[in-house]
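Subject: The structure I mentioned

Hi,

Here is the structure I said I would pass on. Have a look at it first, then read my notes below.

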Amino acid sequence: MNPSAKPTLGVQLIVNNEAELLPRCLASLQGADEIIVVDTGSTDPSVEIARRYGATVIETHWNNHFSEARNTGLSHASSSWILVLDADEVLQTSIESIKEILRGSTAEAYTVRIENLLGSRPEDRLYHSPVRLFRGGQGYLFSGRIHESVESSILTKHGSAAIEASPIEILHFGYLPPVMSAKHKISRNEQLLRLTLAEEPDDVFARYNLAVTCCQDGRLEEAGELLRQSLTLAPLQASYRPSIIRDLCKIDLAAGHVKAVDSLLTRELTRYGDYPDLHYMQGQSWESQGLYDRAVQSYQHAIDTMSAPAPRRAYVTEQGMDSFRPLHRMGAIFQQLGKQKEAAQLFHRALQQHSLYLPALEGIASAFQELEVPEGEIAALLIQLTGTAQRAARTAIIGTLYRLGAYKAIAELPPAVCPLEEDTLLFLLSSWIITGKYHTFRKTAAKLRANPTQLSPEGLNAETIQQLCLLEAILTCELGGKLQEELWLQSPAEVRSAVLEIDRQLSLDSTEPQAEFAPSGESPLLAEVIRLAVKHQFIALGKRLVGRFPAHTSTLAEALYEEGWRAEAGELFIGLAGSKEASGATLRYLGELLIDKGHYAEAASWYRLALGESPADDAVSTGLALCYLHLAEQRLAEAVERLQGKGQQPHGPLQEDRAAVAQSIAVLRCTPWHTKWNYTQRQRGVDLSL
């Protein structure tokens, strides 16, 4: 080992039908002294692409063993250092910068930071730090049929002190759902992992990775059992052990097993106190139990790991677990407690870390809305926070305002700030209708019909075209006009006949209701028209439609309720209940209305009917449980009152039972059991006696 010698750096890949992703990977390797590509049987142009970028290609047979392919490449290496990549990765750090790190290095290997893209949102990132850079010519070999690693080979010879952390960054696309699906990675990985476990039943790392694969496939119960087995068997010093805990907590939280999470984290946070993800999940558990003070403390601990005196270990972690995510959850807690100013400050801190984090953006906007800040000022704040240079920022601003019902603010945004774009088109069109800017809507709609490619070369997608046609139809119906031939001729075939039938029925002088919608196969589209009418505050139109098509009364009632028109919805719900026509969501909404009025016994009867239709509906189960708990609390309160009336003090167990019931009610009310209305929708609520 000569520290003064100029290092040479080679890059190694194994590929199989990677023609789509390979050019981007190889283009990031400019300046490498050698590139070795092991091809395991590609039938696409992967080999030609690799050679075009100057790579040495070794063609070999695929034996269902990644380490064999890796080690085949190592046997042809001549560089003093070797960097390992996959075809679905891109090197973010320049080769020259890496060579500077290696110049004079005494390490045997380095970890790199891999940024795994998980979705389309900026925060959909997962980071981990494996060993990917090591000295060549030292006899190091990869092991493992899948999820292969060279680390154990290095540790055996030199121990952990020989491996250092590096600032090298790699971007990984392979976990994006389209890539996972196209490459059939889940089924391939599961096959190789089960083969590994058949050969080596005690391979804990393979068992853990099988759990991850089951989780990716949506088999959470099986994944949880495998993770529990892995945690029992994994050595305390295993680098992947903290990830087992993280993944197990995520599954248990999703299943509502908060006691299991609390028990596990109470023990493991003493070992991994610098792991922000674990603190964050502990906060989620406390929050779901209504223990807000504890939750805030845990979220703060997650933030504190960023500035801990000792360097934090290289854990598998999601982006923002030590910054904008816990800050957002703390803001949500303060908002739940009615402390809007404190909540707004926390949301603002979160947005300083990630300006396009939509939960925090919506949080700060809703907090200011609750503080009765004018909509225009809220819009100006969002623009200030995110800017408008990026399309994603413009989409975030308009989408946030729309979800809060700030339609006037959207309608008044200048075109120079928020131009027409397909992502936000429907938000803008709807806002113009709701705020009475009918001329602006119709002018824009006509231009889009005349030139459907003005927003994108491919034209508007089918869903947007359908929504545009329906919006024009409901506006025409609301204003009492007839649909223009130009409009319905340009409508999609599946929309055209339905809209024309609606137009015909509304034009009839007869007041006789229609027994069923004709043609009957398009009733779902009529339901959508009714919901759109309510969304755009054309309540009278919704009632006219139901007058002609009474079978859709429940659709109107549910749409009114969801948009906050509780008095109008309540009247329809009463009618449906009286005629024994209530079903589906109507049953749950009746239960909610009655719970809100304190009529718990009546609410329970509707929830029981809803549970009979939807046994797996958590919101219905929680609503029913709340009814029973409130009834129990009432009985306990009556017992206390009777004792006090007799001059006796309530005994300890009675008081304890009452406190336990009250705590259970508080916990359940923290769960998403009730329809959630934004500030605008809540203002529509009118006291209704049922």
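In which helix is arginine 207 found? The answer is helix H8, which covers residues 204–216. Before going further, keep in mind that this is a predicted model.

What does join the side chain of arginine 207 to glutamine 229? A polar contact of 2.8 Å. Leaving out residues up to four places away in sequence, arginine 207 touches Leu197, Pro201, Leu226, Gln229, Ser230 and Leu233.

Now to the nonpolar cores. The largest one has 120 residues. Among them, Ile364, Leu401, Phe441, Leu541, Leu545, Phe573 and Ile595 touch the most other members. Helix H31 (residues 618–645) gives the most to this core, with 10 residues. Another core, of 37 residues, lies apart from it, and its members include Leu192, Ala206, Ala234 and Tyr275.

With residues up to four places away in sequence not counted, leucine 545 touches Ile502, Leu506, Leu526, Val529 and Ile530.

Next, is alanine 396 buried or exposed? Its relative accessible area is 4%, and buried means under 20%, so alanine 396 is buried. You will find alanine 396 in helix H18, residues 391–403. Again not counting residues up to four places away in sequence, alanine 396 touches Leu356, Leu358 and Leu361. From alanine 396 to isoleucine 49 it is 347 residues in sequence and 39 Å in space, C-alpha to C-alpha.

Helix H11 (residues 258–268) is worth a click too. Its buried residues are Val258, Val261, Asp262, Leu264, Leu265 and Glu268. Those buried residues pack against helix H9 (220–233), helix H10 (241–254) and helix H12 (276–288).

Last, some strands. Strand E6 (residues 109–117) and strand E7 (residues 125–128) run antiparallel and are joined by 4 bridges. E7 also pairs with strand E10 (residues 317–318), again antiparallel, through 2 bridges. Tyrosine 127 in E7 shows both pairings: glutamate 115 stands opposite tyrosine 127, and in E10 the bridge partner of tyrosine 127 is threonine 317.

Key. Residues numbered from 1 in each chain as written. Predicted model: local features only at pLDDT ≥ 70, side-chain atom pairs only at ≥ 80, totals over all residues. Heavy atoms only, no water. Buried < 20%, exposed > 50% of the residue type's maximum accessible area, 1.4 Å probe, protein only. Contact = heavy atoms within 4.5 Å. Pairing = 2+ DSSP bridges. Core = buried A, V, L, I, M, F, W, Y, C linked by side-chain atoms within 4.5 Å. Polar contact = N/O pair within 3.5 Å; in protein donor to acceptor, adjacent residues only side chain to side chain.
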